[in-house]
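The sequence and model are shown first, and the description follows.

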Amino acid sequence: MDWASSHDPRFDSFVLGNAPLKRLATGFDWVEGPVWFGDADCLLFSDIPNDRILRWSAETGISIYRKPSNFANGNTRDRQGRLITCEHRGRRVTRTEPDGTVTVIADAFDGKPLNSPNDVVVKSDGTIWFSDPHYGIAMDYEGARAEQENPCVVYRVDPATGDIRVVVDDLNCPNGLAFSPDERLLYVADTGRIFTDDRKHMRVYDVTDGGTANGRDFVELDAGFSDGFRLDEDGNVWSSAGDGVHCIAPDGTVLGRIHVPETVSNVCFGGRSRHVLFITATTSVYSIALNRRGARTV
Ligand code: MG
């Protein structure tokens with residue numbers, strides 16, 4: 001199989017020799033934010049520069065889910081299955097209700113507008129954790145240029161009360177984030193301030209009651225950098241990289257990689273048994289069936 005390479009025997013049983021890397025759709029500009037809707041048997045993802053969220057299903061192919069999308073980026077689902085979306089130009093995080101109406105979850109901190117929410121996860125207690133780097137307000141390509149009024153941090157918002165607090169503040173520009181399957185750890189990618197040579201790496205934090213503690217370096221990839229990632233049921237991190245997807249053990253060892261012919265932005269698990277990895281990569285969306293299941297956390 002020429003689409004995967006193993007660096008550790010643990011990886012050998014994760015990939016299947018007869019499961020191809022498939023390009024499901026192409027022709028986009030920069031896709032990110034994949035999220036699987038098993039109940040609708042479809043994938044939603046953002047085509048950020050084209051200001052739209054697209055829908056893919058094996059039966060019907062590509063259709064437009066939302067346009068304009070306020071230059072949406074990261075997507076996930078809450079514990080009730082509702083779509084949670086980060087909007088660059090809207091400078092907010094929203095929830096899409098079952099009837100299609102959009103509820104604003106967060107659009108300001110300390111009385112000032114958020115920067116451009118990028119990626120988002122929901123904890124089992126219903127709280128919504130999202131990164132707020134400056135990429136969507138640093139240029140017009142993925143949003144609209146605007147003054148930065150808040151630092152680039154990770155927030156936790158409780159949609160039941162509206163309480164919003166900073167939970168990670170030691171990164172230059174937080175991007176992708178995800179919990180370990182037991183929610184005791186929070187992984188956050190730092191992709192650095194745009195147009196600088198800031199270090200690009202991933203850190204991990206202990207999750208405390210309402211925040212994080214004990215941040216430490218987790219991994220720095222040798223090909224491109226980690227933008228978005230998700231974890232499998234055993235806590236391995238499946239991360240975007242410049243040359244595809246890297247699988248990283250909880251101890252920080254890169255176990256292996258899936259080679260994708262375009263720079264990867266993000267991934268999510270989906271399919272019938274959460275055993276399919278969906279991959280957003282520059283102009284295309286790919287999938288590959290694995291001998292792994294995604295963590296139940298979304
Ligand atoms: Mg991102």
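A residue is called buried when its relative accessible area is under 20%, exposed when that area is over 50%, and partly exposed in between, with a 1.4 Å probe and protein chains only. The model is predicted, so local features need pLDDT of at least 70 and side-chain atom pairs count only at pLDDT 80 or more, while totals for chains, interfaces and linings use all residues. Residues are numbered from 1 along each chain as its sequence is written, and side-chain values use heavy atoms, with hydrogens and water left out.

**Asp47 and Arg52**

Asp47 has a relative accessible area of 0% and is therefore buried. Arg52 also counts as buried, because its relative accessibility is 18%. Strands are DSSP runs (E, at least two residues) numbered from the N terminus. Asp47 belongs to strand β4 (residues 42-47), and Arg52 to strand β5 (residues 52-57).

Contact means heavy atoms within 4.5 Å. Setting aside residues up to four places away in sequence, Asp47 touches Phe28, Asp29, Trp30, Val31, Arg52 and Leu54. With neighbours within four places likewise excluded, the contacts of Arg52 include Phe28, Phe45 and Asp47. Phe28 lies 19 residues from Asp47 along the chain, yet their C-alpha atoms are 6.4 Å apart.

| Partner of the Asp47 side chain | Distance |
|---|---|
| Asn50, side chain | 2.9 Å |

**The magnesium site**

Which residues coordinate the magnesium ion? The donors come from Glu32 (OE), Asn118 (OD1), Asn175 (OD1) and Asp227 (OD), at 2.2 to 2.7 Å. Donors are N, O and S atoms within 2.8 Å of the metal (3.2 Å for Na, K and Ca); water is not among the atoms, so sites may look incomplete. Along the chain, the donors of the magnesium ion follow the spacing E-x85-N-x56-N-x51-D. Distant parts of the chain are linked here: Glu32 is in strand β3 (residues 31-37) and Asn175 in strand β17 (residues 174-179), 143 residues apart. Glu32 and Asn175 are both buried.

How values were computed. Helices (H or I, at least four residues) and strands (E, at least two) are DSSP runs, numbered from the N terminus. A polar contact is a pair of N or O atoms within 3.5 Å; within protein, one must be able to donate a hydrogen and the other to accept it, and residues adjacent in sequence count only if both atoms are side-chain atoms.
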